[in-house]
Amino acid sequence: MYVADQTWPDLAEYVAEESVAIVPLGSTEQHGPHLPLSTDHTIAEGLAREAAERTGFLCTPTVNVGVSEHHRQFHGTMWVSPMAFREYVESLTRNLTYHGIEKVVFVNAHGGNSQHLQEVGRRLRGTEEAFATPWMWDDSIPELVDELFETNGPHAGPKETSMLLYQDRQNVKPEEFENARDGGLTDLGSAGHSRHGARVHYDTIENSENGAFGDPTDVTPEKAERLFEAATDQLVQLVEWLEARDREELLPKERVESAPY
């Protein structure tokens with residue numbers, strides 16, 4: 001159920017029966033020469049809406065701009081500050097709780113959002129307003145990703161290319177796959193700049209001249225479908241598990257008053 005397609009009486013009926021919502025979040029940022037800036041929010045929305053369709057749970061509109069300042073040297077990248085992002089997502093989630101939602105899955109497709117979504121979830125759980133948990137699609141199927149791709153990458157590599165090929169093929173540029181590989185970083189072991197145990201790099205361009213990591217030439221339509229279906233299945237299982245939990249089970253435990261021994 002996509003919230004923006006419903007009437008308010010439809011939603012009143014939903015929250016009278018259900019307490020779960022799915023919130024897709026991504027980014028608008030460079031993804032190499034072969035993928036559109038919409039990559040992350042397209043992936044997040046596609047997975048969230050498919051899981052909502054299969055389960056009947058509520059899916060909200062997508063948060064399209066995230067914490068992406070580390071891609072700022074590439075044209076078109078948009079970002080907000082971590083604080084602004086956290087405050088926005090927390091406020092949005094409180095809006096859901098006002099209407100009766102108590103359990104939220106943040107369907108995230110941008111790594112730069114992850115730690116901030118975790119913090120939002122912690123804050124909302126701490127105040128006992130909601131249980132909100134971030135879900136990162138590729139973290140749910142790591143074995144399959146490793147099985148399918150010899151030279152994977154955390155950004156604009158074969159796994160993200162596959163997901164876009166499945167969901168938004170018209171905006172993928174296969175003719176640029178080799179350029180993405182050759183002008184980006186495929187030797188992931190050489191990524192980063194470390195000095196005396198400290199990480200001294202912050203921006204993507206310091207590791208990849210064209211913003212891509214991994215080898216997207218390893219993508220096929222069959223692999224793309226397997227990734228999408230496997231990730232969707234994991235998300236469906238997560239929201240169904242969450243729906244089955246009692247609210248009290250998800251909230252913080254009481255303080256320990258004495259030693260357990």
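Modeller: A contact here means heavy atoms within 4.5 Å. The model is predicted, so local features need pLDDT of at least 70, side-chain atom pairs count only at pLDDT 80 or more, and totals for chains, interfaces and linings use all residues. Residues are numbered from 1 along each chain as its sequence is written, and side-chain values use heavy atoms, with hydrogens and water left out.

Biologist: Among contacts with a separation of 6 or more, what share joins residues 24 or more positions apart?

Modeller: The count covers contacts in the protein whose separation is 6 or more. Of these, the share from residues 24 or more positions apart is 79%.

Biologist: What radius of gyration does the protein have?

Modeller: The radius is taken over C-alpha atoms, and the globule rule is 2.2 Å times the number of residues to the power 0.38. For 261 residues, a compact globule would have a value near 18 Å. The protein agrees with this, at 20 Å.

Biologist: Is Ser 91 buried, partly exposed or exposed?

Modeller: Ser 91 belongs to helix α3, residues 82-98; a helix is a DSSP run of H or I with at least four residues, numbered from the N terminus. Buried means under 20% relative accessible area, exposed over 50%, and partly exposed in between, with a 1.4 Å probe and protein chains only. Because its relative accessible area is 44%, Ser 91 is partly exposed.

Biologist: How far apart in space are Ser 91 and Val 120?

Modeller: In sequence, Ser 91 and Val 120 are 29 residues apart. From C-alpha to C-alpha, their separation in space is 9.6 Å.

Notes:
Helix = DSSP H or I, 4+ residues; strand = E, 2+ residues; numbered from the N terminus.
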